[in-house]
Amino acid sequence: MTEDEPPARDARADGGDAGDGDRTDVEAGEDVERTDVDAGEMPSWSESAASRIVTASAKERVFISVAAFVASVLVGSVLVYVSGFLVDCPGGGFLGSCYNPFLVYYYLFVDPFIGGFNVALVMKESVLLLFTGLSVAVAFRAGLFNIGSQGQLVLGALATALALIFVAPYAPGGVLGSLVLVPFALFVGAAVGGLYGAIPGALKAYADANEVITTIMLNFVATNLVFFLISAYFQDPESGSVQTVAIPEAARLRPIVPFFEGAQFSVVALALGLGLVGGTFYVLANTAFGFDLRTSGLQAAAADYAGVDSNKLVVSSMTLSGALAGVGGAVYVMMVMARYRTGIPSLGFDGITVSILAGNNPLGVAPAALLFGVMKAGSLSIDFSLGVPKQLVGVLRGLVILFVAMPEFFRMLARYTPYGPDVDRAVATDGGDDDG
Amino acid sequence: MVERNAYVAGAAGGAVVVLALFVFAFVVPVDWVVALVAQLDTGLLSAALRLSVPIAFAALGGIFAEKSGVINIGLEGLLIASAFTSIAVAWALEGRVAPTAAAWGGFGAAVLASTLLAGLFAVVTIRYEADQIIAGLAVWLVALGFAPFASQIIWQSVNSPAVPTLDNWVVPVLVNVPVLGPAVFDSNPTVYLMLVAVPVSWYLLNRTAFGRWVRASGENPKALDTAGVNVTRVRYASVLLSGVFSGVGGAGLALGQVGQFIGSGQTMVSGRGWIGITAYLMGNYNPIGAFLSSFLFAGLNALQFRVQQIAELNIAPSLVQMVPFVAVIVVLALVGKTRIPEAAGEGYESGDD
């Protein structure tokens, strides 16, 4: 990928590469970070964290993400191989283990593309990850850790389901109904998710409450609140599990394309997700709000100095982040469940991995969501076909983040290969240039 | 500055209690209050102490790590890893050795596992200069993913069967002291460990050379380096210590209270590591303060369990279960920004390699 580049070439030199989507933020990142090293002010948890990841050059980020992904899959397969010694298998195994790691690769990454059903499954998982991935990424770019996408998605989903059930008797059916109900549902999901995201934002801005902890606590609150609301007021009387009644038929997101017939996947949702990817990228890259948001993420003091109301910005970025997660919840209800049922998969936590894999760049979220979606779909087939627990994907989710967090590790590895991108960057702290 | 924070933390704790009393006294009907007050007995005190164990140990560990300059927000993950390991090992030993030996074997293995994971975190953050927050999240998510995966491998279910647990130790004479006796001196071994670890940690941090190094390594690593102390080594020791403490906490939760591993959702640890972080922030990095804050959260949790069982209150359990989490949010908002160590979150490279 980078072998034709001289290793010592500075990242900024190739800032003009065509098609290099995040050129603008690379520039912004470089300049602000350089001066930030010795700011001597009280370090805040998130500022230090966000700046370091954001400031890697685009090329380096892609390299790190790919390397981290490969490394975690390698570690994961060793884990699977070792686990194979602990289980009993009738039909022999692979080098003493019940699990063959090569078959695991096959089922994780090849099998998901074979057959319409599998492809639809991949698309379903990937589409859902677009929303939470974007949600985490937006907060991250503002220097905030939104670990609460899960809770925002859960509440957005419940609100969507309830709103749809409530308006069902008054809504028209058919295509007209869909045209009215789907946007309405998305709006409700975004509004409720956004409001729930605004809470930790306001707590951070006006009470200095650490958002990592408040968002995690709010996840627990959301889970309990949803359980309470449904079991006390909105329980489907005909069901044993805790769930609402079905949403109106016109609000279902259907596959539309015959190839995906019968799957829990909708081209409309895909288009919506990709539209939000583009929209979020545009807002971050080309609007005043996006510029303020990115500047705050890189160096809050500089943004303050430039006249940004940092409190308001924290609240609005968390609201936007929550709204994106809430839209994800609405899509989940309309595309997958057709009702709200407790036990929503951990899309919010997956979103953290997707965002980090994407270098927190909205455009990167699309390929990262696809990669992770393939893996999630593949985890079902390793469970079904090989008996390897599908929880493996949870391990990989964490490992990816661990490896992305240590770019220094890959830089060291890179020193021993001719392919290392920008090897000398680590020592190139030549103070503040101003080529931006 | 330190005193101001102590006041703020104290006021925050007080405010929570007052707020709770206010809610109960004015919003809640009288018979509820009567039923609630009836719950405040030695049994509740004893339960609160027991529930403090994982939170307080996580908090103690977090203090050492962060004081040395490494923010360890992976405490939740360390608790998950140790809770799982303790149960898995106790389960494997069951039947081969005496039940007590099996439980202690699980305990030892849990501390080892948590320390190893903390060691990995230390290498990643100190050697490879990973971002501490992201690496901490990774430790959490790795443990959150790994424990249910391994449960599924071992037990074909994310939950384990019941295993031998650590039995209570009764202190002969002291147990007859009114109130305190039955509440404290008929307790799980891990509760005694906690009651010892808290003052020892305070002494270690504030009255020994090691404690000075830890604090200097977080406030001004360059000065410590100049004085001839290896900053990297101090940070490794502190992070490993946070692993040891969290290991005791996780094993205390699993073997001292629950007796099995529960891997669904957020696992049985269910946020206790995060609450531990809040506890030491509220206690302003003071081990005693951190313990008192842990005790406050654990007390709320113990009360919450009780309230679910009072028939005349008839509150939905899911509603009551929210209380400790909401309390954490309220406390964080009241405590506000704490003064974290100057160099926390930053890697340190000595000039002379």
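In chain B of this predicted model, the axes of helix α4 (residues 75–93) and helix α5 (residues 99–127) come within 7 Å and cross at roughly 145°. Axes here are lines fitted to C-alpha atoms, for helices over the stretch in contact, and angles run from 0 to 180 degrees between N-to-C directions. Helices (H or I, at least four residues) and strands (E, at least two) are DSSP runs, numbered from the N terminus. The crossing of α4(B) past α5(B) is right-handed; a crossing has this hand if the near helix is turned clockwise from the far one by less than a right angle, and is left-handed if anticlockwise. Residues of α4(B), including Gly77(B), Ala81(B) and Leu93(B), meet residues of α5(B), among them Ala102(B), Gly106(B) and Leu117(B). Two residues are in contact if their C-beta atoms, placed from the backbone, lie within 7 Å. The contact of α4(B) with α5(B) comprises 15 nonpolar, seven polar and no charged residues. In this division Ala, Val, Leu, Ile, Met, Phe, Trp, Tyr, Cys and Pro count as nonpolar, Asp, Glu, Lys and Arg as charged, and the others, Gly among them, as polar.

Residues are numbered from 1 along each chain as its sequence is written, while chains are lettered from A and ligands numbered from 1 in the order in which they are written. In this predicted model, local features need pLDDT of at least 70 and side-chain atom pairs count only at pLDDT 80 or more, whereas totals for chains, interfaces and linings use all residues.

The contact between the chains takes 42 residues from chain B and 46 residues from chain A. On the side of chain B that touches chain A, two or more residues come from each of α6 (132–155), α12 (272–282), α14 (317–320) and α15 (322–335) of chain B. Of these, α6(B) gives the most, with 15 residues. This side of chain B divides into 30 nonpolar, eight polar and four charged residues.

A residue is buried if 20 or more other C-beta atoms lie within 10 Å of its own, exposed if 12 or fewer, and partly exposed in between, with C-beta atoms placed from the backbone.

Chain A has 16 helices and zero strands, and buried residues make up 56% of its 436 residues. Eleven of the eleven residues of helix α13 (residues 347–357) of chain A are buried, so this helix is largely enclosed by the rest of the structure. Just after α13(A), Gly359(A) takes a positive phi of about 60°.

The model scores ipTM 0.86 and pTM 0.86. The mean pLDDT (the predictor's confidence in each residue, from 0 to 100) is 87 for chain B, where 88% of residues reach 70 or more. For chain A the mean is 81, and 81% of residues reach 70 or more. Over residues 1–44 of chain A, pLDDT stays under 50. Where pLDDT is low, the predicted coordinates should not be read in detail.
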